[in-house]
Amino acid sequence: MSDPVLSVEGLTKRYPGVTALDGMSFEVRPHEVVGLIGENGAGKSTLLKSLVGLVTPDAGTIRVRGEAVRLRGVAHAGSVGIGMVFQEQSLVPNLTVAENILLGAERSAVRGGIYRWRAMKTLAQEQLDKIGSRIDPGARTDTLTFAQRQMVEVAKVLTIEERITGEPVVLLDEPTSVLERDEIATLFAQIERLRRRASVVFVSHRLDEVLEVSDRVYVLRNGQVVAEVDPSAVDATDLHHLLIGRESGGSHYHDEAQRECDGAPVRLRVENLSTAGCTKVSFEVRAGEVVGVAGVQGSGREDVCRALFGAIRSSGGRVTLDDQPFRLGSPRSAVRSGVGYVPSERRTDGIIPPMSVAENLSMAHVGEVCSGPVLQVKRERGLVDHWVRRLGIKTPSPDTAIGTLSGGNQQKVVLARWMIDDDLRLLILDHPTRGLDVGAKSDVYALIRDLAAAGCAVLLLSDTLEEMIALSHRVVVMKDGEVVTTVETPKGAKPDPVVILEEMV
Amino acid sequence: MSSPDTAQPRAADAAGPAPPLGPGPAASGGRLVWRPRGTDAVQTTASLAALVLMILVFSVLDAQFRSWDNVVAVVDAAAVLAVVTVGLTFVLLLGAIDLSVEGVIGACALTVALLVANSRTGLDLGVLGVAATVALGAAFGLLSGVLSTRLRIPSFLTTLGVYAIGLGVATILFSGERPIVEDPWLGDWASSRFLGFTIVSWVAAGAILVGWLIQRYTRVGRYAYAIGGAEDIARLSGVPVARYKTAAFAVAGAFYGLGAVMATSQLGSGVVQAGSGLNFSAIAAAVIGGTLLVGGRGGVLQSMIGVLVLTVLQNGLILAGVSPYAQQAVQGVIVVVAVAAATWPVRHRLGVVK
């Protein structure tokens, strides 16, 4: 067996409250396509960022052709032979294809600071020829389709061949997540072509694709490699079990606190809701019911939530709240109708870090603590003290900047922001436990149970299926922008996550 | 154009949920929708159409407007603004802003007046004096660039500081006595004509050409587009962003220096306020032409359309007998309308405006 081109040994990266990589080890051999799969939070993105020098690991070694390297950035990673095709793409939109391919390493196309356009196009064409692409190097990048730009990125990554001796390792980060079916076929043909001159690491959460394209598959969970499998010897169901794993028992999710709500009136009724990312979505949520929305990236489930809160535009559909027509317009009108939203990106969308706990808490319902335009400091203080006590928020004082608290306490403040509204009718939770440690997660679960018991309808998006199934009464499964099925998840008869996972992919 | 790699070039629109016309949100679940296509091109076409329309209207209204003499007058009046706008365009391409124009021009105007034959100093450096002045402008630009990139202060503030420094230097050089330009060669720039146009206009034409060459054929120019288009991606690709940002500011400063020389020739003496009003006009001209403040869009030639729009407008309004005070207000209204029109297609993406 040939020596590995790339090997990773015991890679560890800790963030406050979360261990993203926990002694991860794997290797890539020449001309091999290695698949990496894992749920959100399994450590995929941190791993990739470490491999191109965007994240400095706390411990562990990265070896390229046997030599330990300490990567300082994308350009440096390229100079040792590791290139990455980024999921969010890394081309400058207003430049030509040729300029993008050669950006930062123009070689003979620029002499003494002067551009030689003909040489530039020739050099770029050589790269495009490597992958057999017929894209015009003179075209402006923002006139291309996503799939075409991805090909340009592959061509750009291959420029590192000229800078190294030996063959490069190409990392493909979720390359299929926004491609159409025929585009995926083109990409897979491209990967086959690519392996003749490079090693490929294919990262995805779509199991069927990983099995189809990879020679070997590593399964990641909680920052570790939990299994190395041979795609020809396993099927998707085996992988599902490896992927999900088993965490703690029922008390973690406060299962006993789940209340029946069959007789409750329908709180939210969504009919044929459409946005840029979802089509004709229909479902209902009863008062006191927790409904999970499952789906992979690109399934459109985030779109549904954001459209309901008025944060993105919807292009059609009818929504009623307690049988009253509910106009999807702006977050402000949603809040006025008794709808709350806990966003997934807590630090950027959920809190205003330099402002105090008190200000962050009363933000959405300032009317509660004001007389006319004047803030009643005493009333605000009373309200904030009440909620800090009730939710057990650990903060030195209500005036502490919320950015200095732990993630779990920040999230409690965000939840309290909506709970102070007595008339809260619907709470949309977009990955409410992302980045929280186990204890904080459990606290958030308890709060969700309390809210439901008090009659609030809850719409839940979750990183893990296990969490979603445990908390929900029902799970609506979405795929490619549409609802494909609904799975009942009643207390005491929770289905196996695999049942839902198979509908998702 | 390109030949698509995949089945159909606009697969995004053919299948599934069609995004609203034009630009969509950068990432909203389903398909990623790229940045708006050719917003700047639309803007440039619109301003070109506005320019033609304006010329037609003024020509019908006023026989004097369509005379050859008036064409020459418009071009001569546009010369200094054109050169300054060429420079400013490089800073705007970065996505930065330059508010130092009037200060730099003030300092350079006094410098050139004192270096060529003049009423105050015994110097008579002629063309060398002009070159030194352009170099001084570049030095001011370098200062703005270094302050912005090394101290990581927004260009809005650093260039405001450099503006004050420039005016201060100009006032010190002025020292209470205006230097009259006695160099016949520099005096000729504004007075002698070649093929009907003043030398100043020819210098401006040359400067525009040089600006376009820099934009099209040099690293400074191309990297300005890359940095303005996506600075983080440029950095990830190994582009030394700080160095090329600084270089773009220096190039801009050199053009301001040349603009100061031209203005001084027209004024006949070194004046601290030689650049008065030019900063606003130059930003307005660039934006009207399609060099948007977001960076990476437009270019030297597009900005020149904006320069003509502003100059023709001013000329037409004067001929129509509109008061100069009202003209400034009209110019302001036009800038606001032009910017609103330029950003119209992406309005729903502008969640937070500061």
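Predicted model: local features only at pLDDT ≥ 70, side-chain atom pairs only at ≥ 80, totals over all residues.
Student: What makes B:Val83 stand out in the largest nonpolar core?

Tutor: Its contacts. B:Val83 and B:Ala109 are the residues with the most contacts inside that core, which has 171 residues. The element that gives the most to this core is helix H10 of chain B, residues 241–267, with 15 residues. Apart from that core lies another, of 74 residues, and its members include A:Val293, A:Cys305, A:Val369 and A:Leu461.

Student: What is chain B built from, in helices and strands?

Tutor: Chain B has 13 helices and two strands. Of its 354 residues, 51% are buried. Take the contacts in chain B between residues at least 6 apart in sequence: 76% of them join residues at least 24 apart.

Student: Which residues of H8(B) are buried?

Tutor: They are B:Val200, B:Ser201, B:Val203, B:Ala204, B:Ala207, B:Ile208, B:Gly211, B:Ile214 and B:Gln215. These residues cover an arc of only 150° around the axis, so they sit on the same side of H8(B). On the other side of H8(B), B:Gly206 and B:Leu209 are exposed.

Student: What covers the buried residues of H8(B)?

Tutor: The cover includes helices H3 (68–93), H7 (184–191), H9 (219–236), H10 and H12 (300–319), together with strand S2 (197–198), from chain B.

Student: Now for chain A. Why is A:Leu158 called buried?

Tutor: The cut-off is 20 or more other C-beta atoms within 10 Å. A:Leu158 has 21 within that distance, so A:Leu158 is buried. A:Leu158 belongs to helix H5 of chain A, residues 146–158. Not counting residues up to four places away in sequence, A:Leu158 touches A:Gln127 and A:Lys130.

Student: Why is A:Phe26 called partly exposed?

Tutor: A:Phe26 has 19 C-beta neighbours inside 10 Å, so A:Phe26 counts as partly exposed. You can find A:Phe26 in strand S2 of chain A, residues 18–28. Beyond four places in sequence, A:Phe26 touches A:Val8, A:Tyr218 and A:Val225. As for A:Val80, 54 residues away along the chain, its C-alpha atom is separated from that of A:Phe26 by 18 Å.

Student: What makes the phi of A:Asn222 worth a look?

Tutor: Phi of A:Asn222 is near 50°, a positive value in a residue other than glycine. A:Asn222 is in the loop between strands S11 (216–221) and S12 (224–229) of chain A. With 16 C-beta neighbours inside 10 Å, A:Asn222 counts as partly exposed.

Student: And A:His431, is it buried or exposed?

Tutor: Buried, because 21 other C-beta atoms lie within 10 Å of A:His431. A:His431 has a positive phi of about 50° although it is not a glycine. Its place is the loop between strand S21 (426–430) and H15 of chain A.

Student: What domains does the assignment give for chain A?

Tutor: Domain 1 is 6–244, domain 2 is 250–338 + 424–504, and domain 3 is 352–420. The centres of domain 2 and domain 3 of chain A, taken over C-alpha atoms, are 25 Å apart. Their contact takes twelve residues from domain 2 of chain A and nine residues from domain 3 of chain A. On the domain 2 side, the largest share, five residues, comes from helix H15 of chain A, residues 438–453.

Student: What does UniProt list for residues 6–247 and 268–505 of chain A?

Tutor: The unreviewed UniProt entry lists "domain: ABC transporter" for both stretches. Over residues 268–505, chain A is 36% helix and 25% strand, with the end C-alpha atoms 27 Å apart.

Note on methods. Residues numbered from 1 in each chain as written. Chains lettered and ligands numbered in written order. UniProt positions renumbered as here; feature names shortened; annotations may be inferred. Helix = DSSP H or I, 4+ residues; strand = E, 2+ residues; numbered from the N terminus. Buried ≥ 20, exposed ≤ 12 C-beta atoms within 10 Å, placed from the backbone. Contact = placed C-beta atoms within 7 Å. Core = buried A, V, L, I, M, F, W, Y, C linked by C-beta atoms within 7 Å. Arc of directions from axis to C-beta. Domains from an automatic or database assignment.
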